[in-house]
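Here is a friendly walk through the structure shown below. Have the viewer open as you read, and follow along stop by stop.

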2 protein chains.
Amino acid sequence: MSEVWLNGTLLPAEAAQISPLDRGLLLGDGLFETIAVQGGQALDVPRHYARLANGATLLRLAVPFDEAGMGAILNSVIAANRLLAGGLRLTLTRGAGARGVLPPAGLAPTLMVTAFPPMPGAAPLKVIIAQGIRRDEHSPLSAVKSLNYLPSILARIEASERGADDALLLNHAGRLAEASAGNIFLKRGGVWLTPPLAEGVLPGIRRARLLASGQVREARLEPEALAMAEGLCIGSVLALRPVVVADGVGIPTSLAEAASLADL
Amino acid sequence: MSEVWLNGTLLPAEAAQISPLDRGLLLGDGLFETIAVQGGQALDVPRHYARLANGATLLRLAVPFDEAGMGAILNSVIAANRLLAGGLRLTLTRGAGARGVLPPAGLAPTLMVTAFPPMPGAAPLKVIIAQGIRRDEHSPLSAVKSLNYLPSILARIEASERGADDALLLNHAGRLAEASAGNIFLKRGGVWLTPPLAEGVLPGIRRARLLASGQVREARLEPEALAMAEGLCIGSVLALRPVVVADGVGIPTSLAEAASLADL
């Protein structure tokens, strides 16, 4: 897993170096995508490209490739790493430039793609509801996958300190929005539900796939729904993981059913 | 301005390189301070250290120096750059490590200090009230100077697209919180006022100095206060700048008075 794509060149990870003036580093001025790889293929590239392009529109950031170009770059990283399964992370920053909050004109964006192996299989999750951090459903940044990940990091640290694996985040209205790095899928009345994007939810790629399949429907979810849930999963492109305890209360998530949802 | 402190070493900026796995770059997982330099001295180091340490407590990040050690590092960068006036930027990230939202244990933080010359003198400011972005007074991250700067960047882009120099940000309660990279000082009834920290305000160093001097008091500020303002300034450690137009309405800010406030 040592070959990295950096601004048009494949090179060993140790040789890939970022400028200390990169606005991605200094200001979190950029976006990323985490893309699953199965059978040596990058999955859902059109959805990832569309989400990245939406984020770039919000940030007024030029995407230095089209959808086919993105696929070609991902394929070259897959090939260089002989990656059959696992994932890719594509990071696009505004690049290195002069000081200032307002992006200077004419910066060359930084584009980096790294590969990583499959995550080890994990036990079902225990989650808490984060007390310190909420999703801001009023911010346009909640709809894009940006480098500003501290809210998720703080929520995950809180979960760890409270003996849990992950945290569910409420939005400012007090409803369930998402987990620290995945969408929420809650089963009620025999139906799998996930909060609408307007709740401050990142438009997850697996979420889109499950909605498109008809297996999941959108619904606002009060935190009280957890106590009556017939199942709960947290999903990203890399995994859909069953939750068996939320805020200390057991949830009767069927591992077999979670696994069948995960196959979609 | 080419000598950079990076993890214990002074080296030319071109030679300073950051790992592509640094969590500061990948996730905005870090903090920074911008420190004014006058007469070859870093100003207000104790206040900067205290703010950085507060942020590090929130992020569960170890600060790799004490206050005296921070002063020594800043002095070495000032000396290496023969900097008489201008500023320093200290960036502290969680460092490079394995993938994951939860910070892995045992990472070595990345510490970088860069120097920059004085900002050119600028004309009085025209500002708008940002429509797209608000300060989140409910987030603990609003109290720390983190690398998650996209809300400010989006506000400044909006200002630029609307023909203004900067943007004032409202909080979710609809009151004035701060500008994109500075605190707000508004004169009313002969008194300079600034919003309390609980409004979602970054605890600015110049703000602290002006409050300590008794020249400024805290008060909640409705956006309607702009129309009746006797003066308006935006202040950071690097400058306190008069505002003469806010959302298209003229403000009779006295440039002489703003300059005298700036001397504190």
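How many bridges join β10(A) to strand β11 of chain A? Three bridges join β10(A) to β11(A), residues 191-194, and the two strands run antiparallel. Please keep in mind throughout that this is a predicted model.

**A hairpin and its other neighbour**

Two residues lie between β10(A) and β11(A), and the pair forms a hairpin. In the turn, A:Gly189 has a positive phi of about 60°. Within the pairing, A:Trp192 of β11(A) stands opposite A:Lys187. Strand β10(A) also pairs with β13(A), residues 231-235, in the antiparallel sense and over five bridges. There, A:Gly235 is the bridge partner of A:Asn183. Is β10(A) mostly covered or mostly open? Strand β10(A), which spans residues 183-188, is mostly covered, with five of its six residues buried.

**The six-stranded sheet**

Now turn to another part of chain A. Six strands make an open sheet in the order β2-β1-β6-β5-β3-β4 (chain A), and their pairing is antiparallel. At the edges stand β2 (9-12) and β4 (41-42) of chain A; each has a single partner strand, so one side of each is left without a neighbour in the sheet. Helix α2(A) packs on this sheet and touches β3, β4 and β5 of chain A. The direction of α2(A) makes about 175° with that of β3(A). Inside the sheet, β3(A), residues 30-38, is joined to β5(A), residues 86-93, by eight bridges, with the strands running antiparallel. One residue pair to look up is A:Thr34, which stands opposite A:Arg89 in β5(A).

Chain B has an open sheet of six strands as well, in the order β2-β1-β6-β5-β3-β4 (chain B), with antiparallel pairing. Its edge strands are β2 (9-12) and β4 (41-42) of chain B, each pairing on one side only. In chain B, two bridges join β3(B), residues 30-38, to the antiparallel β4(B), and B:Val37 stands opposite B:Ala42 there.

The strand pairings described here can be set side by side:

| Strand pair | Bridges | Sense |
|---|---|---|
| β3(A) and β5(A) | eight bridges | antiparallel |
| β10(A) and β13(A) | five bridges | antiparallel |
| β10(A) and β11(A) | three bridges | antiparallel |
| β3(B) and β4(B) | two bridges | antiparallel |

Which residues of α2(A) meet α3(A)? On the α2(A) side they are A:Val45, A:Pro46, A:His48, A:Tyr49 and A:Leu52, and they meet A:Glu67, A:Met70, A:Gly71 and A:Leu74 in α3(A). By class, this contact has six nonpolar, two polar and one charged residues. The axes of α2(A), residues 45-59, and α3(A), residues 67-80, come within 10 Å and cross at roughly 115°. The crossing is right-handed.

**A stop at A:Leu255**

A:Leu255 sits in helix α6(A), which covers residues 255-262. With 46% relative accessibility, A:Leu255 counts as partly exposed. Leaving aside residues up to four places away in sequence, A:Leu255 touches A:Pro124 and A:Pro242. A:Arg241 is 14 residues from A:Leu255 along the chain, and their C-alpha atoms are separated by 8.8 Å.

**How the two chains relate**

Finally, step back to the pair of chains.

Technical notes. Residues numbered from 1 in each chain as written. Chains lettered and ligands numbered in written order. Predicted model: local features only at pLDDT ≥ 70, side-chain atom pairs only at ≥ 80, totals over all residues. Heavy atoms only, no water. Pairing = 2+ DSSP bridges. Helix = DSSP H or I, 4+ residues; strand = E, 2+ residues; numbered from the N terminus. Buried < 20%, exposed > 50% of the residue type's maximum accessible area, 1.4 Å probe, protein only. Contact = heavy atoms within 4.5 Å. Axes fitted to C-alpha atoms, helices over the stretch in contact; angles between N-to-C directions. Left-handed = near helix turned anticlockwise from the far one by under 90°. Nonpolar A, V, L, I, M, F, W, Y, C, P; charged D, E, K, R; others polar.
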